[in-house]
Amino acid sequence: DRQTLVAVLQFLRRSNLRESEEILRREARLLGDDLGAAALSPSAVGLLGAPGADADSVGGEALLSRVTAAASIAIGSSVATVASSIGGGVVVEDQPDVSAVLSAYNQQGDPTLYEEYYSGLKHFIECSLDCHRAELSQLFYPLFVHMYLELVYNQHESEAKSFFERFHGDQECYYQDDLRVLSSLTKKEHMRGNETMLDFRTSKFVLRISRDSYQLLKRHLQEKQNNQIWNIVQEHLYIDIFDGMPRSKQQIDAMVGSLAGEAKREANKAKVFFGLLKEPEFDVPLDDEDEEGENEEGKPKKKKPKKDSVGSKSKKQDPNAPPQNRIPLPELKDSDKLDKVMNMKEAARRVRLGPECLPSICFYTFLNAYQGLTAVDITDDSSMIVGGFADSTVRVWSVTPKKLRSVKTAADLSLIDKESDDVLERIMDEKTASELKILYGHSGPVYGTSFSPDRNYLLSCSEDGTVRLWSLQTFTCLVGYKGHNYPVWDTQFSPYGYYFVSGGHDRVARLWATDHYQPLRIFAGHLADVTCTRFHPNSNYIATGSADRTVRLWDVLNGNCVRIFTGHKGPIHSLAFSPNGRFLATGATDGRVLLWDIGHGLMVGELKGHTDTIYALRFSRDGEILASGSMDNTVRLWDAVKAFEDLETDDFTTATGHINLPENSQELLLGTYMTKSTPVVHLHFTRRNLLLAAGAYSSQ
């Protein structure tokens with residue numbers, strides 16, 4: 001182990017990282033004197049690249065076993081961080097160095113014994129007590145992958161092949177796609193360019209196991225002197241040990257299935273302000289005769305608040321809400337205030353939904369969409385609908401009798417009397433009125449579209465790697481945002497406008513402001529494509545769903561990941577926050593809708609019923625009903641009130657992740673509505689709680 005330390009020090013010296021070398025020397029000397037229980041200071045843990053090791057629990061012994069790993073792993077990634085954080089002046093790529101990462105597979109045992117090692121462990125786990133068996137079975141998959149990769153890396157191709165053939169059938173069904181990728185890696189050269197495997201190597205696979213089960217495993221491996229497996233457990237797995245009863249098979253199955261195992265319990269401990277921001281107070285004229293309550297300047301009159309006006313209900317500040325000025329939000333313009341007034345008037349006529357009173361559903365079918373419909377959005381006031389197509393066009397329709405018109409040319413505008421009351425009408429050019437406007441500009445399929453809350457702008461994102469901002473006054477492109485180098489799968493405006501988020505094939509989500517060319521925040525952490533993005537109703541958080549089968553919640557203020565939700569068995573394609581901001585619903589290719597309590601960071605429900613990918617989720621305006629739309633050509637309505645009542649979110653559940661999901665999908669399902677042959681790609685509740693659905697008719 002001394003040799004390993006010396007090797008690291010020599011490497012640092014060769015790379016001219018003198019300061020890092022000094023720090024490591026000092027730390028190592030401290031360890032040299034008292035190897036017994038010297039806990040390592042957090043800074044040194046960072047330096048030695050022991051990812052996921054709790055600073056206080058790393059004793060000398062554990063440290064040395066980690067240093068061995070660090071010698072190979074850390075040189076690629078951690079030294080880069082050391083160099084930049086200490087200011088050594090050496091610029092190292094922040095991507096982990098492939099050869100350094102893979103070389104961790106060098107310390108290998110006898111290749112012919114790998115099958116014996118694995119089947120020995122398998123036999124031990126299958127013969128252990130029921131209460132431990134379910135927990136220890138989680139080891140099968142990550143060990144299988146690492147042992148196979150180790151054989152391939154060390155060029156024992158025939159052993160690797162026979163190992164794969166013998167044991168791949170034992171893995172859980174939801175790892176099938178990963179195993180397909182794995183089976184194509186049969187030579188050392190294949191491993192270099194494969195991102196999925198690189199991720200698997202660099203991020204530790206997280207397993208949550210009770211202390212009793214862990215002790216049992218440790219004893220078995222040490223008695224058997226099964227160092228090969230023990231090394232992999234030490235180096236490539238992060239075992240999150242909890243005190244208490246082992247979890248049952250159902251409890252484990254609900255939470256596992258993502259590319260990197262479960263989330264560490266620490267990952268969901270941060271405080272999240274999930275409450276709503278206080279609405280600005282202004283008065284609402286109640287009587288309809290008072291058309292918009294405008295005076296000469298075209299501004300809403302500021303009346304003295306009447307007792308019965310809707311807007312002046314003084315709402316108390318929600319205790320869970322973020323401070324009003326936590327992130328800067330755009331000022332309300334007068335037109336926004338008018339819109340809020342309209343919204344409140346509509347809300348007064350809103351239908352109260354519930355199991356006894358289901359919404360009517362109005363379905364917009366795109367017929368003859370040979371261009372291939374790839375995205376849909378509907379404005380908040382349900383006046384316009386937009387479709388993104390595979391032929392790289394964006395098409396906007398008016399769904400009210402009011403046609404879409406462009407602003408007049410500059411020459412014509414100069415003739416208009418700017419003081420007149422109907423100036424906003426006069427600037428529109430009647431000659432351009434039509435039901436449909438086609439926007440050209442993208443050079444690839446358009447995968448995401450989003451209207452701004454004030455209906456002045458439209459976002460679209462495409463396979464061409466750009467996000468475009470279009471004006472709905474002129475129906476022209478205003479900006480092309482270039483930041484993603486690969487296809488952009490989704491984009492969405494903040495509920496307050498100004499900010500928007502995009503996510504794509506480069507595995508990161510980016511936060512933008514409409515008036516900045518560069519992103520304001522980059523949210524990195526997913527291990528595969530970011531497939532869908534959603535703003536929290538208070539605009540302080542963003543949820544992203546990914547093909548790595550996890551959902552993450554990010555803090556807009558500092559870019560930190562504050563929640564990681566695992567449990568889906570396939571890529572995630574839809575997200576919806578409940579109107580009160582407390583809950584999140586997610587849908588994926590596994591046909592399940594999962595419900596999450598954001599404050600506690602827990603899964604609180606599972607809705608089974610769809611038989612194909614869920615592409616659309618939406619809560620009704622007051623959150624009583626959750627609607628889901630799927631590729632199985634159905635819209636389903638679920639009782640959200642019942643799903644979220646009597647939740648078990650006590651501290652014990654939060655601490656250990658012993659979640660008990662009731663099998664009550666059938667009781668919560670309020671209705672299933674089939675289309676003839678139209679997959680549902682978008683859902684939207686109008687301000688009066690009519691449900692609008694959209695999709696393209698498919699003739700197959």
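This is a predicted model: local features need pLDDT of at least 70, side-chain atom pairs count only at pLDDT 80 or more; totals for chains, interfaces and linings use all residues.
Residues are numbered from 1 along each chain as its sequence is written. Local features need pLDDT of at least 70, side-chain atom pairs count only at pLDDT 80 or more, totals for chains, interfaces and linings use all residues, and side-chain values use heavy atoms, without hydrogens and water.

The largest nonpolar core has 44 residues. Such a core is a set of buried Ala, Val, Leu, Ile, Met, Phe, Trp, Tyr and Cys residues joined through side-chain atoms within 4.5 Å. Buried means under 20% relative accessible area, exposed over 50%, and partly exposed in between (1.4 Å probe, protein chains only). Leu-139, Phe-144, Phe-163 and Leu-182 have the most contacts inside this core. Helix H9 (residues 140-153) supplies its largest share, 11 residues. Helices (H or I, at least four residues) and strands (E, at least two) are DSSP runs, numbered from the N terminus. Beyond its neighbours within four places in sequence, Phe-144 is in contact (heavy atoms within 4.5 Å) with Tyr-118, Phe-163, Phe-164, Phe-167, His-168, Gln-171, Leu-179 and Leu-182. Another core, of 23 residues, lies apart from the largest one. Val-272, Cys-532, Leu-553 and Leu-584 are among its members.

Two packed helices are described by the angle between their axes and the distance between the axes. The axes of H9 and helix H15 (residues 227-236) come within 11 Å and cross at roughly 110°. H9 is therefore roughly perpendicular to H15; the class covers 65 to 115 degrees, with under 35 roughly parallel, over 145 roughly antiparallel and the rest oblique. Axes are lines fitted to C-alpha atoms, for helices over the stretch in contact, and angles run from 0 to 180 degrees between N-to-C directions. Leu-143, His-146, Met-147 and Glu-150 of H9 meet Gln-228, Ile-229, Ile-232, Val-233 and His-236 of H15.

Strands of a sheet pair through backbone hydrogen bonds, either parallel or antiparallel. Here, two strands pair if DSSP finds at least two bridges between them. Four strands form an open antiparallel sheet in the order E10-E11-E12-E13. Strands E10 (446-451) and E13 (476-482) are its edges, each pairing on one side only. The twist averages 20° from one strand to the next. Within the sheet, five bridges join E11 (residues 457-462) to E12 (residues 466-471). Leu-459 stands opposite Leu-469 in E12.

Strand E6 (residues 394-398) pairs with E9 in the antiparallel sense over four bridges. Val-396 has Lys-437 of E9 as its bridge partner. Lys-437 and Leu-439 form the covered face of E9 (residues 436-439), whereas Leu-436 and Ile-438 form the uncovered one.
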